[in-house]
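Subject: Handover of a structure

Dear colleague,

Please find below the structure that I am handing over to you. My notes on what was found in it follow directly after.

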Amino acid sequence: AAAGILCYVGAYVFITYDDYDHFFEDVYTLIPAVIIIAVGTLLFIIGLIGCCATIRESRCGLATFVIILLLVFITEVVVVVLGYIYRAKVEDEVDHSIQKVYNGYNGTNPDAASRAIDYVQRQLRCCGIHNYSDWENTIWFKQTKNNSVPLSCCKAALSNCTGSLTRPMDLYSEGCEALVVKKLQEIMMYVIWAALAFAAIQLLGMLCACIVLCRRSRDPAYELLITGGTYA
């Protein structure tokens, strides 16, 4: 179950980041998500080993289980650290690339970057970088010469909005940069909290396995009972 949830979190991060990948250029931002998926896959195998070792009460199997869990625990601590590092870098990444993305917007023949901008403006209910007036500085605005912004800036409740700057009340007033940064940081926090939660679960697993190991090594009567011997 833990493995499945971790893989789901990692996949969710990948899918969501794909919608915003034009706003950051550092692909290493996805390293925590990659590690989470790898850990989730490994954790499924580890869980099977742990179940078998616990049922059979194999000392060697339990010791192996504890060692592997310790390594995975260390990996998840690394994920938390990397998550915080890249979460702090998101704002700089978006700030560095968002102006270039908006300047590359082509409303007549939408390319990938244009679709990304329209998607973000509709999903986050925003317009422009800081507000809708930022569109006046873009190449697309100067080429169209119709004093309007993309229709994705129009409020969802309005069906007759044309994107005209003469009717600013029809447009989203909040800029997209701050909302994109907030969204990406929230996604990274999902990774951090998932890693912390399952690191705690793995600590509990290691503790339980260690208790069984200690019980086997310190109680000769228990050892003979398990092996089918007698104790006088």
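Let me begin with helix 4, which covers residues 112-124 and has 13 residues. From its first C-alpha to its last, helix 4 reaches 18 Å, close to the 18 Å expected at 1.5 Å a residue. Please note that this is a predicted model. The buried residues of helix 4 are Ala 113, Ser 114, Ala 116, Ile 117, Asp 118, Val 120, Gln 121 and Leu 124. After helix 4 comes Arg 125, with a positive phi near 55°.

The chain as a whole

The secondary structure of the chain consists of seven helices and zero strands. Read from the N terminus, the order of elements is therefore written α-α-α-α-α-α-α. The chain has 232 residues, and 42% of them count as buried. Its exposed surface comes to about 12,800 Å², of which carbon and sulfur atoms supply 63%.

The nonpolar core

Which residues have the most contacts inside the largest nonpolar core? They are Phe 23 and Trp 135, in a core of 63 residues. Helix 1, helix 2 (31-56), helix 3 (59-103), helix 4, helix 5 and helix 6 are the elements that give two or more residues to this core. Helix 6 supplies the largest share, with 17 residues. Both domain 1 (1-55) and domain 2 (75-231) contribute, since the core draws at least three residues from each of them.

Leaving aside neighbours within four places in sequence, Phe 23 is in contact with Glu 93, Val 94, Ser 97, Ile 98, Val 101, Tyr 102, Ala 116, Ile 117, Val 120 and Val 180. Among these partners, Ala 116, Ile 117 and Val 120 are also buried residues of helix 4.

The disulfides

How many disulfides does the chain have? The count comes to three. With the bonded cysteines counted along the chain, the pattern is 1-6, 2-3, 4-5.

The angle about the S-S bond of Cys 126 and Cys 176 is 100°, and the link is right-handed. Cys 126 has a relative accessible area of 0% and is buried. Cys 176 is likewise buried, at 1%.

Another disulfide is formed by Cys 127 and Cys 153, whose sulfur atoms are 2.1 Å apart. Cys 127 lies in the loop between helix 4 and helix 5, and Cys 153 in the loop between helix 5 and helix 6, so this pair ties together parts that are 26 residues apart in sequence. The link of Cys 127 and Cys 153 is right-handed, with 85° about the S-S bond. Cys 127 counts as buried because its relative accessibility is 0%, and Cys 153 counts as buried at 0% too.

Cys 154 and Cys 161 also form a disulfide, with their sulfur atoms 2.1 Å apart. Is this link right-handed or left-handed? The torsion about the S-S bond of Cys 154 and Cys 161 is about -70°, so the disulfide is left-handed. Cys 154 has a relative accessible area of 10% and Cys 161 has a relative accessibility of 11%. Buried means under 20%, so Cys 154 is buried and Cys 161 counts as buried. By contrast, Cys 7 is partly exposed because its relative accessible area is 24%.

Finally, I would draw your attention to Thr 16, which is placed in helix 1 (residues 2-20). Thr 16 is buried, as its relative accessible area is 9%. Leaving aside neighbours within four places in sequence, the residues in contact with Thr 16 are Lys 183 and Ile 187. Although Thr 16 and Lys 183 are 167 residues apart along the chain, a distance of 9.5 Å separates their C-alpha atoms.

With kind regards

Technical notes:
Residues are numbered from 1 along each chain as its sequence is written. This is a predicted model: local features need pLDDT of at least 70, side-chain atom pairs count only at pLDDT 80 or more; totals for chains, interfaces and linings use all residues. Side-chain values use heavy atoms; hydrogens and water are left out. Helices (H or I, at least four residues) and strands (E, at least two) are DSSP runs, numbered from the N terminus. The expected span of a helix is 1.5 Å times one less than its number of residues. Buried means under 20% relative accessible area, exposed over 50%, partly exposed in between (1.4 Å probe, protein chains only). Accessible areas come from the Shrake-Rupley method with a 1.4 Å probe; for residues, only the protein chains shown count as cover. Contact means heavy atoms within 4.5 Å. A disulfide is a pair of cysteine sulfur atoms within 2.5 Å. A nonpolar core is a set of buried Ala, Val, Leu, Ile, Met, Phe, Trp, Tyr and Cys residues joined through side-chain atoms within 4.5 Å. Domain bounds come from an automatic or database domain assignment.
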